[in-house]
Amino acid sequence: MKKYIICIVAISIFVSGCSSAKDKYNALNNYFDSTVKDSTKEVIVINRKYSPNITLEVLKGNKISYINVNGVTQADTTFYKEKDWKAMKKKYGRIQLPEQGYLLENEFWTKEDFRHKKIIFEHYKTQNDLLIKYMNFDNSLNFEVYFFSDPIYYHKRKYLIFTAVQSRLEGGGNSHVVIMEKKHGKWVQTHIGYPDWFN
């Protein structure tokens with residue numbers, strides 16, 4: 001009987017973990033689909049995941065804006081809650097040395113994580129490495145380049161939050177934290193968080 005109960009508990013934990021991962025990647029893909037609307041467009045995704053530390057750092061800065069149904073943003077200083085943030089940091093925060101940067105060493109994105117089929121996964125060292133690799137191809141410098149962190153839950157799992165960096169090979173781009181809320185069974189972006197260096 002004891003072994004039976006342990007087996008049931010183990011199965012429940014496994015199913016719950018799979019469901020949680022699926023939920024997170026649904027949120028990420030809903031955002032990605034809204035950003036890259038052309039399903040035939042080739043884009044680059046850096047295969048090393050961004051550290052959740054930057055997501056936590058941006059959220060702590062409390063430069064959060066609400067996005068209404070018309071896409072207009074308005075500052076929302078009530079979104080950040082210290083108690084929820086501390087619980088989030090305890091669960092998801094990583095110990096990383098400054099020289100390690102914000103890319104995780106051994107956690108990678110794969111094609112199975114995304115619904116978009118036209119993704120080129122690249123290992124990132126510097127922007128110049130990518131420029132040198134693609135500069136000999138016609139129009140290749142028009143590629144959009146994306147970095148993502150894993151989505152993490154916030155405020156009693158009401159929100160999923162992750163860092164998104166969007167740039168182009170020739171330069172320019174932006175970094176922000178995407179905040180998703182499930183409405184009518186679908187994850188939609190309701191807020192955006194700006195890092196301190198945002199202009």
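What share of the 199 residues in the protein chain is buried? In this predicted model, buried residues make up 42% of the chain. The accessible surface comes to about 12,100 Å², and carbon and sulfur atoms account for 56% of that area.

The secondary structure of the protein chain consists of 4 helices and 11 strands. Contacts were also considered by sequence separation. Among those between residues at least 6 apart in sequence, 66% join residues that are at least 24 apart.

Although His155 is not a glycine, its phi is positive, at about 55°. The place of Lys156 is also in the loop between β8 and β9. Lys156, again not a glycine, has a positive phi of about 55°.

How exposed are these two residues? His155 has a relative accessible area of 26% and is partly exposed, because this value falls between the 20% limit for buried residues and the 50% limit for exposed ones. Lys156 has a relative accessibility of 76% and therefore counts as exposed, the cut-off for that class being over 50%.

Conventions:
Residues numbered from 1 in each chain as written. Predicted model: local features only at pLDDT ≥ 70, side-chain atom pairs only at ≥ 80, totals over all residues. Heavy atoms only, no water. Helix = DSSP H or I, 4+ residues; strand = E, 2+ residues; numbered from the N terminus. Buried < 20%, exposed > 50% of the residue type's maximum accessible area, 1.4 Å probe, protein only. Contact = heavy atoms within 4.5 Å. Areas by Shrake-Rupley, 256 points an atom, 1.4 Å probe, with all protein chains shown as cover.
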